[in-house]
Amino acid sequence: MNLQESRESFHGNDEVEGRALSLFRTERTEDVVAMVLAALLVLAVLAGLRV
Amino acid sequence: MKKLLAILPGFTLLVCSALLIRLGLEPWIKNHWKWGFEVLHLNAMMLSFLWGIILGNLLSESAWAFHGARTSAMILKAGVVIMGSLYSFREIGKIGQTSLLMISFFVFSTFFFVLWLGKILRVQPSLTGVMACGCGICGVSAEIAAAPIMGASASQLAYCIGVTLGFGVVEVLTYPAVGTLLTLSSHQFGAWAGTGILNSAQVLAVALAFEIDPQALKTVKVAEIFNITRVLFLPFLILILAFYISSSPNVLQRKNSGKLVMEKFPLFIIGFLCMTALTSGNSFKPDQLASLRSLMLWCFSLGLVGLGMRTDFDAIRQTGGKPLAMGVAAGLLKTAASLAAVLLFLG
């Protein structure tokens, strides 16, 4: 089995991936959203938010 | 928009749980049950995780709750990004030297141990590869990254996740108490947790539970550097796996190898390093850093309730036989060997 075939054979598992770990379709999307959320929180602190 | 509305009730549940635990339950236990707080480490983080497990099993049929709980991995990562502000590059360099040595040994030895065990027990190579990646690097994320490369089926992936999370629950409950009984220092415990625990989120839970100094967060800082070091190995082990599964090594072209490494690189670590760069450049005032630390702890508290909710005991119960034996053997060996290494070399 080569890499391409094994990727294709996994397409049916997308649902499991989503249910098992995260709301997002890919780990990369999750990372980007996490960084955006962190950036917003940092900006809020720089703007004067104190917790 | 529809997706956002769907996660709102579950997310509200996470926020209410974190508020209740951090403002009500933790102070109560701290004042009324000292042994539970100091030895069992029933602080806000441990309580968040345990409460999440209770909620997840009470509301197992409630889809509304789980939509919100699925944001927990993202919230935990946001917390880790903010956590970058607690370090300077000098500190990372100092801890990183030890972590690189220990982690490279444990990542590769666990990875090849599971591959070997899979051959001995005659487990399917696809399942063995996924399990090897999960046990060797950072648990669930590594398993999900490895599954398409190995051509693993949905049930094989669910099996591996069940083993990792099931063993992780035992680790969360036992590590802090063992650390206290062995009187490990923050540095020793952080290194042990960051190396020995299979799943990244549970490293965080354990280190936060053990934390002796909530202001300096020494244990968490060491544990997370060890954890990040091993996460950085992910793209390279995925590459090894791709070669392992391929019947013809020539199939994987040079171009594909590079692409694969880039695809699997954990992007949130760049955010973490950006925050470290800002702190190293003195971009934050002390009161701003205190607020960032507090926001980070809220993120972790929310995330750990969600992580607990996603611990499905039915799925873990169904995980029987050889995969369970492989995961438990690798987990126990890693725990014992990393504890020995910490006691011997980080005394």
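Biologist: What pLDDT does chain B average?

Modeller: This is a predicted model, where local features need pLDDT of at least 70 and side-chain atom pairs count only at pLDDT 80 or more, while totals for chains, interfaces and linings use all residues. Residues are numbered from 1 along each chain as its sequence is written, with chains lettered from A and ligands numbered from 1 in the order in which they are written. pLDDT is the predictor's confidence in each residue, from 0 to 100. In chain B, 95% of the residues score at least 70, and the average is 88.

Biologist: Which helix of chain B has the lowest confidence?

Modeller: Helices here are DSSP runs of H or I, at least four residues, numbered from the N terminus. At the top end sits α10 (residues 186–196), with a mean of 96. The lowest mean, 67, belongs to helix α17 (residues 313–318).

Biologist: Is B:Pro266 buried or exposed?

Modeller: B:Pro266 is in the loop between α14 (254–263) and α15 (268–280) of chain B. A residue counts as buried with 20 or more other C-beta atoms (placed from the backbone) within 10 Å of its own, exposed with 12 or fewer, and partly exposed in between. B:Pro266 has 21 within 10 Å, so the label is buried.

Biologist: Which residue of chain A is B:Pro266 in contact with?

Modeller: Contact means C-beta atoms, placed from the backbone, within 7 Å. Leaving aside neighbours within four places in sequence, B:Pro266 touches B:Val231 and B:Leu234 in chain B. From chain A, the partner is A:Asp31.

Conventions: Helix = DSSP H or I, 4+ residues; strand = E, 2+ residues; numbered from the N terminus. Contact = placed C-beta atoms within 7 Å.
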